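Subject: Structure handover

Hi,

Here is the structure I promised to pass on. Please open it first, then read my notes beside it.

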Amino acid sequence: MIYQRSSALFAAAKEVIPGGVNSPVRAFNAVGGTPIFVKEAKGTYLYDEDGNRLIDYIASWGPMILGHAHEPVVQAVIEKAKKGTSFGMPTEIETHIATLAVSMVPNIDKIRFVNSGTEACMSAVRLARGFTGRDKIIKFSGCYHGHSDSFLIQAGSGAVTFGSPNSPGVTQGTAKDTLLATYNDIHSVAELFKANKGEIAAVIIEPIAGNMGCVPPIAGFMEALRTLCTDNETLLIFDEVMTGFRLGKGGAQEALNIKADIVTFGKVIGGGLPVGAFAARNEIMDYLAPIGPVYQAGTLSGNPLAMSAGLAMLTELNNRPEVFSNLAKKTAYLHEGFEKVLSNSGLDYVINRYGSMISIHFTDTPVVDFASAAKGNNERFKKFFHGMLAEGVYLPPSAFESYFLNDALTFEDLDATIQALERVAKTL
Ligand SMILES: *Cc1c(COP(=O)(O)O)cnc(C)c1O
């Protein structure tokens, strides 16, 4: 494949945008080479600036669950745009999408819309702190909750139980309020609770992790986490920015049968426009301004264009819930095909899958947390990524990301992907 125009566009972008991108993973740092510049997309196919066609397995990192340029979503946005794109005043459509979201998701009475998943998680933590009157939160290594300061924290060294900043610009003062636990290790959480009795406002978790590849919770882990939170009067925040409206109408809460206290959304809920949201029962949501003391706001929050895309998306998912089971079937089919190829290849590999999320790690031990995900052979991953790209298959350009399948993928596309892996595996 030729990436001439993408290379030129990347060079031009680097002159005026740091690293040439507006979000780091797009720069291909983890895999090397030149990022692909997209010209347009339809259904499951991306068309790049050099005229290459790629089968898309990232779906804009999740939102395009029905495929790109999905007609009802596009039409809703066009019609709305003609009537004005922002007012800074309430509009009826905000109530429509809120009503629909509350009807689809269990255990929530009210929802507040924001502009990104980052904003949703940041606001959820502030709300949890305000509601409980406590400062500390627990997060899990390898889980991503957006780029706000409280989440850019890595495990502290030695005996310290609190984290340290993992980006310059995050203060020690912020870091000391974020405690790091190990995913799928309930003892690591129990120890933090014991050492910080009565101080933990919230535990925030990706109920099915998607930011270290796909890492589902092991049996009993989420139940035990729920119990620990309840016993310590700590709020359990499910970050469903990836899983919300992807695993099913009710997201991970429904799939795992676990009740969260606050749920955050992003990605699918905006139908491809910049939308995030957080939701909870009345008692918690009524703590928010303007009726409660916890401040939170946004000039473009509930923006009519964004709400129209989100409403069109949720309406379709609500009316056609078979989309979720079809996606899970397609993902299982892909898994089976990958498994067949890789089991004959002599390579070490782990395939994790949950619903329409799947990933491959080139390692010989189960991938259940960040440490085991990090053991993967990254040189092999790079070759794998570029080999698949040359075959016209666009996978996440990092071993620490999940694939997101979309409804427009056909079994022919899946077969083509499996056949591509057959050729690529021989080169690894
Ligand atoms: C993508 C993501 C976020 C951040 O959302 P943005 O819209 O990129 O700010 C937060 N949490 C999870 C689990 C995510 O996957």
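UniProt, in an unreviewed entry, places the feature "modified residue: N6-(pyridoxal phosphate)lysine" at Lys267. UniProt positions follow the numbering used here, feature names are shortened, and annotations may be inferred rather than shown by experiment.

Some ground rules come next. This is a predicted model, in which local features need pLDDT of at least 70 and side-chain atom pairs count only at pLDDT 80 or more, while totals for chains, interfaces and linings use all residues. Residues are numbered from 1 along each chain as its sequence is written, and side-chain values use heavy atoms, with hydrogens and water left out.

**Around Lys267**

Lys267 sits in the loop between β11 (262-265) and β12 (276-280). Helices (H or I, at least four residues) and strands (E, at least two) are DSSP runs, numbered from the N terminus. Buried means under 20% relative accessible area, exposed means over 50%, and partly exposed is in between (1.4 Å probe, protein chains only).

Leaving out residues up to four places away in sequence, Lys267 touches Trp61, Pro63, Val241, Met242, Gly272 and Val275. Contact means heavy atoms within 4.5 Å. Lys267 also has a positive phi of about 50°, although it is not a glycine. Most residues other than glycine have a negative phi, and most peptide bonds are trans.

**The sheet of 7 strands**

An open sheet of 7 strands runs in the order β4-β12-β11-β10-β9-β5-β8, with mixed pairing. Its edge strands are β4 (110-114) and β8 (178-181), and each pairs on one side only. Two strands pair if DSSP finds at least two bridges between them. From one strand to the next, the twist averages 20°.

Helix α7 (residues 221-231) packs on this sheet and touches β5, β9 (200-205) and β10 (235-239). The direction of α7 makes about 165° with that of β9. Axes are lines fitted to C-alpha atoms, for helices over the stretch in contact, and angles run from 0 to 180 degrees between N-to-C directions.

Now look at β10. Why is β10 largely enclosed by the rest of the structure? Because 5 of the 5 residues of β10 are buried. Leu235, Ile237 and Asp239 point one way, Leu236 and Phe238 point the other way, and all are buried.

Follow the pairing from there. β9 and β10 are parallel and share 4 bridges. Ile204 has Ile237 of β10 as its bridge partner. β9, α7 and β10 make a right-handed β-α-β unit. A crossover is right-handed if, with the strands pointing away from the viewer, the path from the first strand over the helix to the second runs clockwise. β10 and β11 are also parallel, joined by 3 bridges. Here Ile237 stands opposite Ile262 in β11. The chain crosses from β10 to β11 through helix α8 (residues 251-256), and this crossover is right-handed too.

**The sheet of 3 strands**

Another open sheet has 3 strands in the order β13-β14-β16, with antiparallel pairing. β13 (350-354) and β16 (403-404) stand at the edges with a single partner strand each, so one side of each has no neighbour in the sheet. β13 and β14 (residues 357-361) share 5 bridges. Arg353 stands opposite Ile358 in β14. Helix α11 (residues 322-343) lies across β13, β14 and β16, running at about 175° to β13.

**Domains**

How is the chain divided into domains? The assignment gives domain 1 (4-69 + 321-425) and domain 2 (71-319). Such bounds come from an automatic or database domain assignment. The C-alpha centres of the two domains lie 25 Å apart. In the contact between them, 31 residues of domain 1 meet 35 residues of domain 2.

**Backbone details**

A cis peptide bond joins Ala289 and Pro290, with omega about 10°. Pro290 is in the loop between α9 (282-285) and α10 (304-319). Phe28 is not a glycine, yet has a positive phi of about 70°. Phe28 lies in the loop between α1 (4-16) and β1 (38-42). Phe28 is buried, with a relative accessible area of 1%.

Best wishes
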